[in-house]
Amino acid sequence: MANAWKHLHEAVQHDELAETGPYAWVRHPQYGEFILIRIGFLLQWPTIPTLIMFPVLVYVYLRLAHSEEDEVAARFGGQWAAYSERTPAFWPRLRHPNRDTRQSPGGSSRAHRPAVRR
């Protein structure tokens with residue numbers, strides 16, 4: 001979480017969209033981490049209050065993320081649209097998007113797979 005805050009703070013200081021560090025993998029690293037921590041609490045110590053509050057907290061954070069995205073989209077426009085197209089909201093893809101695709105000679109994008117020796 002601290003790493004995400006560092007990248008977000010630096011982007012805000014330079015009036016830029018945060019796209020580095022954890023933000024290169026997901027748009028909301030803190031909220032994703034928060035949900036994972038809550039799941040851990042449910043598994044470690046399931047109580048009636050934690051079982052009741054979990055869906056409520058997830059709902060609140062999903063709404064907060066959506067409203068933050070609306071604000072950022074209004075501020076950064078096309079840059080935000082491109083970023084949100086290539087970056088999932090909460091759960092990262094198995095491969096990093098910047099390493100996943102390359103332009104083929106025909107100009108279309110295709111998945112890049114490293115050569116495997118046999």
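**Salt bridges and a buried threonine**

Reply: Glu19 is partly exposed, with a relative accessible area of 24%; buried means under 20% relative accessible area, exposed over 50%, and partly exposed in between (1.4 Å probe, protein chains only). This is a predicted model, in which local features need pLDDT of at least 70 and side-chain atom pairs count only at pLDDT 80 or more, while totals for chains, interfaces and linings use all residues. Residues are numbered from 1 along each chain as its sequence is written, and side-chain values use heavy atoms, with hydrogens and water left out.

Me: Which residue meets the side chain of Glu19 in a salt bridge?

Reply: A salt bridge is a side-chain nitrogen of Lys or Arg within 4 Å of a carboxyl oxygen of Asp or Glu. Glu19 lies in the loop between α1 (2-13) and α2 (29-44), and its partner in helix α4, so the pair ties together parts 67 residues apart in sequence; helices (H or I, at least four residues) are DSSP runs, numbered from the N terminus. The N to O distance is 2.2 Å, and the partner is Arg86.

Me: Are Arg27 and Glu69 buried or exposed?

Reply: Their side chains meet in a salt bridge at 2.8 Å, N to O. Arg27 is in the loop between α1 and α2 and Glu69 in helix α3 (residues 48-76), 42 residues apart. Both residues are buried.

Me: What is the relative accessible area of Thr87?

Reply: Thr87 is placed in the loop between α4 (78-86) and α5 (97-100). Not counting residues up to four places away in sequence, Thr87 touches residues including Tyr23, Trp25 and Arg27, where contact means heavy atoms within 4.5 Å. Thr87 is buried, and its relative accessible area is 1%.

Key:
Helix = DSSP H or I, 4+ residues; strand = E, 2+ residues; numbered from the N terminus.
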